[in-house]
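This report is meant for a reader who meets the structure for the first time.

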Amino acid sequence: MRYLIPILLLFNLPVFAKTHVAKGGSLQQVINIAGNGDTILVYPASYTDNEIVITRSVYLKGVNYPVLDGKKKHEVIAIKANNVTVDGFKIIRSGNSSIEDIAGIKIYNSKNVVIRNNILDDTFFGIYSQYGTNCTIEGNKISAYGKAELQSGNGIHCWKSDSMRIINNNITGHRDGIYFEFVTNAIIWRNNSHGNIRYGLHFMFSNNDSYVSNIFENNGAGVAVMYSHNVKMFRNFFEENWGDAAYGLLLKEISDSYIEGNYFTRNTSGIFMEGASRIHVSKNTFRSNGWGMKIQASCMEINVERNNFLNNTFDVGTNGNLVLNKFDKNYWDKYEGYDINKDKIGDIPFRPVSMYSMIVEKNPPAMILFRSFIAALLDKTEKILPSLTPENLKDDRPLMKPLSL
Amino acid sequence: MRKIIKYVIADILRNKIVIAYTIVLLALSLSVFNLEDNANKGLLSLLNIVLIIVPLISIVFSTIYVYNSSEFIELLVSQPLKRKTIWLSLFLGLAVSLAIAFFIGAGLPIILYASSTTGITMLVIGLMLTIIFVSIAVLASVTTRDKAKGIGKSILLWLYFSILFDGLVLFFLFQFADYPLEKPMVAVSALNPIDLGRILILLQLDVSALMGYTGAIFKDFFGSSLGITIASTVLILWAVLPLLWSLKRFNAKDL
Amino acid sequence: MIIASNVSKRFGKLKVLDDVSVTCNKGECIALIGPNGSGKTTLIKSILGMVVPDSGFITFNGKNILHDWEYRKHIGYMPQIGRYPDNMSIGQVIEMMKDIRHAKGVKMDEDLVQSFGLPALFSKRMRTLSGGTRQKVSASLAFLFNPDVLILDEPTAGLDPVASEILKEKITKEKQKGKLVLITSHILSELDDLVTQVVYMQDGKLKFHKSLQDLQKDTGEEKLNKAIASIMLRKP
């Protein structure tokens, strides 16, 4: 017994943490009197605060989604302490500025912050992390009603952050659904980013990140991953990014990355690559896109293997003759070859770049001849006598049957 | 005039080739719509039929028909009838019966399976192309006395409008690749009714997004009511001008 | 009734009508005679407005026929080779012509239709017809509308003797009504009993236009073909 009490004390530290309750008035005052580790239960009521600044490690828990209103003037919650949790709030109408990045919830230079199960509606930026480390942003529903790129902010915006976890958020109506700049070691998992004005996901200078099982649907220009290396993209859905200059996935100056098991469906270009190198593209499904992949001549060591190309207008487009990329064992529905030895691999190579797509790449106004008789004729001739399409852009071992992906 | 049109139409509609044309069109359209899982894709497949087969059949059939009717025309010319009446009746008879064939063969399936704006655009363009190529055919046949030469001329004209013209456009685009050619292309498309028709239909389909900047320029132009008016006017001119020219030639023709 | 003045026509290099002038009056039956390629058919077609002369003009009842079409109401034309829409039957063709050329107050003349026995063949398609039957149809159509002028291009060619006789009788009957009849033919003997005037053409030129009596007097020959032959021999 003598020994037990100190041990109990050791395990029951929270016993000393208090629980505060807020039911209207000023939430800031409640936070100010709370100590580190305290819990604050916030009930739906009218709160008079303009801007709530959290400077202590508190667990701020909304019960039945209390509404915090930025009245179109203020940042709603600013987190300036480590180990803060914000859970279950409805945050509406943040301020809107062309100079400052005003957000619904903003993390300033803090660690281990958790932002969970909140509803953000009509905020300028939704959740913003500036120098955040090891923070979790999970299960939030973030909606905005932006119309023009310049007058709206991003849904989840991370800047110079590290080890972030972005999980299961639903983001719509922002400029970019999720925006990363100088963010490392992050994981983006099971989010749904749709109907945003520019990109569903926008990566800049962010290395060693993964994104897995997300849905990017019907965004203005799809997803852009730029100036980064060591990015892993697994089992995401890139869908319905349809329009002039829209891409399922835009890669620019990317290296050492993996694109695996993704679905690219009904995009103007499934993947558009520029200046990319050492990228493995495998086990993806490209279905009903304008271009399955557009690989500019500035790319090298792109390995495209074991993908399905189904019902795309053009399977692969490129703009040069020098090809330093490899295509191997993909299934192409346009393949017309045969398989005599029945090893399920076509006996003659497949050239996924059509003559007409080369012409269009060199001379965009030639798109005026799209679906004309002459375009079809050129493609047929080129198939028999290749002359303009790159000699070594071919799949020597095309599969006879689609992969089950 | 109405009487002659009536006889021409009755004669053509009994013609085996027109019946075969209608049935083939019908079979193609129905199978296209039944094979493709969505109507827009069906329309895309039908596009080639409308742009290639319809002008070909219209121009070749009409040319042959005019030559084969030379005795009938001679008979009519010796009767108290205006030459203008005879020629216009012949043209209208051909245009109306081929339009009916197209409408039954392709129009009805379109209305049944894809009565969207795109479908209706395609239907209208198909009808317009039918009339335009009948008009070009009557011009080709009135300016050439020899039947074989005349049919050859029609086939060459069809070849020109469906392939050679586009080849020239391509050549032109590469020769002047350093200049911004998107806008001049709008004007160039007016020089070929098949191209104009194809672009008008493609702009209705969502594949127009693939057409990039060029597509955007076209959409900008043909999306406006002024653009639509101009495009329709150009198509109508393509039907009317060859006809008027052929009429002038027919009025002075020795039979 | 029909006056051609200085009519010339070229087909390419070939001059098919060279300064032809001719006058045709009511009640005359004119035989247009000449070797093959002498311009007979072209002259007829010029009168019908099917060929437009390069120079000269033609008047019908005092009116220039250029750009006119109504004067053809008064003409019945039987072409050399009458061909009709293949898909139509005889009945349909006749009905169609009646339909197209219907004029109020004009009594249809169906004599030939009846005497050629066409009603029995009404359902036959045109493409199945022999040359002779076609000629019967052509002849019937030429007379059908009771026109003032009959222009018959090689009317008896291809007709069997019986039909030929029927047609000749009909022509005689119409001539007696005071109509103008213009016939081309090379089977000269057939025309003997019909013709009142002879127009002889050669190489696009009108060599002479004489009444039958004058011709007989000049040549001392009774028979038309002999008269013509003696002229042809005399000329060069």
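Is the crossing of α6(B) and α11(B) left-handed or right-handed? In this predicted model, the crossing of these two helices, α6(B) and α11(B), is left-handed. The contact is formed on one side by M128(B), I131(B), I132(B), S135(B), I136(B), V138(B), L139(B) and V142(B) of α6(B), and on the other by residues of α11(B) including L235(B), W238(B), A239(B), P242(B) and F250(B). By class, the residues of this contact between α6(B) and α11(B) comprise 14 nonpolar, 2 polar and 1 charged.

As to geometry, helix α6 of chain B spans residues 117-142 and helix α11 of chain B spans residues 225-251, and the two pack with their axes 8 Å apart at an angle of about 20 degrees. Because an angle under 35 degrees counts as roughly parallel, α6(B) is described as roughly parallel to α11(B).

**Contacts between chains**

Among the 2 pairs of chains that touch, chains A and B have the most contacts, with 19 residues from chain A and 28 residues from chain B taking part. Chain C also meets chain B, and here 20 residues of chain C are in contact with 18 residues of chain B. On the side of chain C that touches chain B, α1 (40-48) and α2 (90-100) of chain C each supply at least two residues, and the largest share, 3 residues, comes from α2(C). Chain A and chain C, by contrast, do not touch, and their nearest C-alpha atoms lie 36 Å apart.

The table sets out the classes of residue on two of these sides.

| Chain A, touching chain B | 11 nonpolar residues | 6 polar residues | 2 charged residues |

**Chain C as a whole**

Chain C contains 7 helices and 10 strands. The radius of gyration of chain C is 18 Å, close to the 18 Å that the globule rule gives for 236 residues, so chain C is as compact as a globular protein of that length. Taken along the principal axes, the C-alpha atoms of chain C fill a box of roughly 50 × 40 × 35 Å. Of the 236 residues in chain C, 43% are buried, and among the contacts in chain C with a separation of 6 or more, 71% are between residues 24 or more positions apart.

Notes. Residues are numbered from 1 along each chain as its sequence is written. Chains are lettered from A and ligands numbered from 1 in the order in which they are written. This is a predicted model: local features need pLDDT of at least 70, side-chain atom pairs count only at pLDDT 80 or more; totals for chains, interfaces and linings use all residues. Axes are lines fitted to C-alpha atoms, for helices over the stretch in contact, and angles run from 0 to 180 degrees between N-to-C directions. Helices (H or I, at least four residues) and strands (E, at least two) are DSSP runs, numbered from the N terminus. Angles under 35 degrees count as roughly parallel, over 145 as roughly antiparallel, 65 to 115 as roughly perpendicular and the rest as oblique. A crossing is left-handed if the near helix is turned anticlockwise from the far one by less than a right angle, and right-handed if clockwise. Two residues are in contact if their C-beta atoms, placed from the backbone, lie within 7 Å. Ala, Val, Leu, Ile, Met, Phe, Trp, Tyr, Cys and Pro count as nonpolar, Asp, Glu, Lys and Arg as charged, and the others, Gly among them, as polar. The radius of gyration is taken over C-alpha atoms; the globule rule is 2.2 Å times the number of residues to the power 0.38. A residue is buried if 20 or more other C-beta atoms lie within 10 Å of its own, exposed if 12 or fewer, and partly exposed in between; C-beta atoms are placed from the backbone.
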